[in-house]
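Hi,

Here is the structure I promised to pass on. Have a look at it first, and my notes follow below.

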Amino acid sequence: MKKKLLAALLTVTMVAGMTACGGGNAENPAGGSADSGSSTAGGTAEGNSSASSDEIVTITYLTTNDKPDGEKEQRYLEMMEQLNAILEEKANAHLDIYFLSWTDYLSNYNLLLASMDGTVDLVGTATDWLDAWPNAKNGAFLELSEDMLKTYAPKTWESVPAEDWEMCKYNGEIYLMPEDNYAQWTNHGFIYRLDWAKDAGLADGVHSWEDLTTYFQYCSDHKDELGLQYVWDSDATQYGQMGGGWITSHSDYISIDGINSGAMWGGTKDDPYTLYCPYMTDTASLVEYANMMKQWNDMGVWSSDVLNRGTNTNRDDFRVGLVAAEQHHTQTWTDLVSHTEANKIYDTDPDAEVGFFYFGEESKNVVALNITHGAMAVSAGSKNPEKALMVYDLIRNDPDCYKLFNYGIQGVSWDVNEEGLRITPEGYNSDTDNINGVTNYWWGRNDDLEIKDARLNWDAIDKLYAEYDAIKIPYQYGKFVPNVDELRSTIDQINEIYENYMKQISYGQFSGSAEDIVAEFQAALSAAGVDKVTEELQRQLDEVYK
Amino acid sequence: MARKKQKANTATVQVRKLTLREKIWRHRVLILMCMPAIVFFLAFSYAPLPGIWVAFVRYNYRDGIFGSKFIGLDNFEFLATSGKLFQLTRNTILYNLAFILLGNALAVFVAILLNEMRSRWFKKVSQTIMFLPYFISQVLVGVLVFNLLNYDTGFVNGILGKLGLELWKPYSDPNVWTVLLVLIYLWQQTGYNSVVYFAAIMGIDSETIEAARVDGANGFQKIRYIILPSLKPTIVILLLFALGGIVKGNFGLFYNVVGSNPLLYGTTDIIETYVYRCTVTDFNFSTASAVGLYQSIFGFVVVMVVNTIVKKIDPDYSLF
């Protein structure tokens with residue numbers, strides 16, 4: 001009997017042990033180091049002494065990018081040597097970069113921050129596309145007291161207006177230093193070939209979803225003549241942008257960032273603080289969308305097995321004219337519209353022109369970028385938070401540091417022409433000398449120090465920016481940091497449903513009618529508790545704005 | 001054992017129970033040999049056990065597993081309220097049943113075939129060829145399958161097109177995947193699984209087989225009456241082990257081959273893939289652990305039940 005009992009016990013532990021093992025990969029590193037994290041995070045004053053000590057401290061900055069290698073690494077190290085010389089002189093610190101590769105970047109980002117073992121000090125983050133708020137809540141970021149900021153990052157403290165600091169607070173504490181002085185537009189749309197659109201009969205370019213249909217029809221019909229591999233080699237990840245884009249184009253809906261990937265909750269331009277979920281209310285519009293996407297699918301805009309397509313090279317294909325469209329944001333368009341070395345279409349085809357149809361164009365519905373689309377945080381695991389702030393203050397505000405860090409060494413990676421624009425020097429190789437594409441400093445760019453890139457097509461860009469400026473409204477929910485912990489699993493489920501159905505709808509890959517799939521989608525959302533989330537968000541929003 | 005006891009009774013006058021230390025000393029060589037396994041299980045199975053607690057808290061990095069707020073069974077609600085628990089568990093179990101039953105049957109079959117091969121050269125070559133797929137990463141398997149089956153440029157459709165036949169669209173048809181996934185699994189695993197059975201066949205006393213041959217048994221009779229019955233304990237034990245993991249899906253296979261194509265989820269979504277999709281973006285440790293615990297408990301129950309049944313039928317074959 002005893003033996004039996006023992007055997008049974010052993011089995012329990014074996015089976016249970018297997019789970020612990022299975023989950024171990026993920027939970028152990030986090031769990032194991034949680035203790036060490038709490039000790040450093042608790043007292044913000046700890047490490048004060050290091051700021052004044054004589055020892056040179058190395059500050060590690062976390063950015064999302066693949067680690068450079070070969071000659072590219074060489075250039076990068078040369079730049080860092082010069083930068084570190086300045087940092088050493090001004091802050092008695094060195095800077096090192098922790099490159100977080102793009103593969104599964106969000107999971108790895110959260111995992112790295114969760115470990116809080118002092119691997120990184122400065123953390124590039126964002127409230128919309130990198131989980132800034134969840135990490136702040138989970139304790140991965142250090143609270144930045146006003147005193148700390150005033151003392152160690154004085155220029156940053158002064159340059160950011162009080163109302164912008166307000167948007168960096170959670171529970172009354174500042175966690176982020178926002179990139180609030182940098183004009184950029186990351187509203188999404190379709191990048192297309194304007195010259196082909198003209199051939200398709202759209203003399204003025206694409207200005208509506210219907211125009212897009214005309215354009216895609218033309219490209220699909222003339223695929224071989226135009227030398228296209230695909231009209232658009234989508235990898236099925238744009239379902240959310242497209243679906244959201246459709247709604248923006250056909251209503252006054254504006255969304256709250258950072259609740260879920262689908263940006264499914266928000267208000268309207270006129271009444272931003274009455275929340276709703278357009279996927280539940282705008283049924284007729286969604287049906288129309290589903291029908292149009294089915295039409296695109298039948299037209300052969302993307303590959304038949306788009307949902308299994310996996311990674312692709314659509315943007316690079318666009319640069320050489322193998323595809324006719326790219327779905328991304330304005331910032332990407334500013335690159336593709338310009339005759340840079342990489343954009344071969346302008347060399348091979350003198351008529352080539354690239355246009356941009358932005359979502360919301362029809363309804364004049366454009367929201368300016370949230371200032372925390374890029375921000376810098378200090379890791380709670382950092383052993384030298386003060387030094388980290390000093391280094392950040394320098395790379396953000398010191399012209400020499402800024403240029404080195406963003407553009408590289410003058411004369412090697414960049415230079416200035418007579419008009420004061422930034423050019424590439426003789427012998428420049430974009431594959432190895434582009435420091436901007438290595439450091440990926442998107443968390444504190446500064447228009448006061450920026451030098452306009454001469455290669456960019458500023459005529460087209462300024463024209464579009466002026467158009468945006470005429471219709472834009474500021475982001476309406478900057479002070480709102482929703483606390484959705486209690487609803488986490490509901491939102492997880494809603495995300496999953498959203499992805500499943502929007503993928504089918506946005507790529508027209510559904511059997512049955514558009515009405516059916518939309519109804520099914522809404523029923524699933526309803527069952528998962530979408531209304532519960534809307535109500536809770538409304539309650540929390542009212543606390544902030546009413 | 002019985003003999004030893006008898007010996008002990010007769011040979012020793014002084015009846016005294018051995019202390020633990022004496023026991024350890026007496027079996028020191030055996031224990032030493034078990035050490036690596038003991039250390040392995042202590043380090044990777046027993047030591048992390050307290051971590052199961054994470055399934056019952058709202059985990060937050062700063063407070064750690066034991067400092068985070070206790071929320072009872074809230075994490076388990078996730079699966080229950082998704083409305084998918086039944087479908088997911090069903091898919092997972094049915095696929096695993098197919099994998100376990102067909103996999104083992106085919107492995108036994110292949111092992112017997114290998115055993116019957118007379119040409120040494122042919123035996124080695126075919127064993128190697130069957131073994132190789134086991135070493136191909138699931139990611140590559142996914143790529144291979146996609147390149148064979150995709151609609152526009154796939155190998156299969158290339159041939160169908162050339163023959164003037166209607167093109168095949170497996171990536172829009174959930175029903176074909178129940179068969180395809182099992183086939184892919186068998187292709188990958190059979191070579192490896194058959195090795196165990198092949199070894200068991202090798203271990204059968206050759207005298208028995210020779211005796212049967214002398215008695216005039218033909219090849220099929222030899223298999224039916226000698227080899228298969230001798231393999232029975234091996235088969236039962238391997239099945240019992242496999243059943244413990246019946247609610248644990250083969251994430252690598254499903255995720256890489258099916259990908260994130262919602263058209264196919266109806267028949268291909270298993271617990272792992274669903275949980276992955278739901279929790280990967282917000283790094284929800286607690287929910288994921290809760291699901292892992294659910295699977296373990298389910299697996300434990302299955303092992304206990306099946307073991308009891310096996311014991312009822314034939315106590316010699318049961319695990320404990």
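Which three strands of chain A form an open sheet, and in what order? The order is β10-β7-β11, with antiparallel pairing; strands pair here if DSSP finds at least two bridges between them. Before I go on: this is a predicted model, where local features need pLDDT of at least 70, side-chain atom pairs count only at pLDDT 80 or more, and totals for chains, interfaces and linings use all residues. Residues are numbered from 1 along each chain as its sequence is written, while chains are lettered from A and ligands numbered from 1 in the order in which they are written.

Strands (E, at least two residues) and helices (H or I, at least four) are DSSP runs, numbered from the N terminus.

Still in chain A, have a look at strand β3 (residues 122-125). Both of its faces are covered: Leu122(A) and Gly124(A) on one side, Val123(A) and Thr125(A) on the other, all buried (buried means 20 or more other C-beta atoms within 10 Å of the residue's own, exposed 12 or fewer, partly exposed in between, with C-beta atoms placed from the backbone). β3(A) runs parallel to β1 (residues 57-64) of chain A, with two bridges, and Tyr61(A) sits opposite Leu122(A). With β12 (residues 375-378) of chain A, β3(A) pairs antiparallel over four bridges; there Thr125(A) is opposite Ala375(A).

Now for chain B. Helix α13 (residues 251-258) of chain B has six of its eight residues buried, so it is largely enclosed by the rest of the structure. Among the buried ones are Leu253(B), Phe254(B) and Tyr255(B). Just after α13(B), Gly259(B) takes a positive phi of about 70°.

Finally, α5 (residues 74-81) and α16 (residues 285-313) of chain B pack at about 75°, their axes 8 Å apart (axes are lines fitted to C-alpha atoms, for helices over the stretch in contact, and angles run from 0 to 180 degrees between N-to-C directions). α5(B) and α16(B) are therefore roughly perpendicular to each other, a label for angles of 65 to 115 degrees.

Cheers

How values were computed
Parallel < 35°, antiparallel > 145°, perpendicular 65-115°, else oblique.
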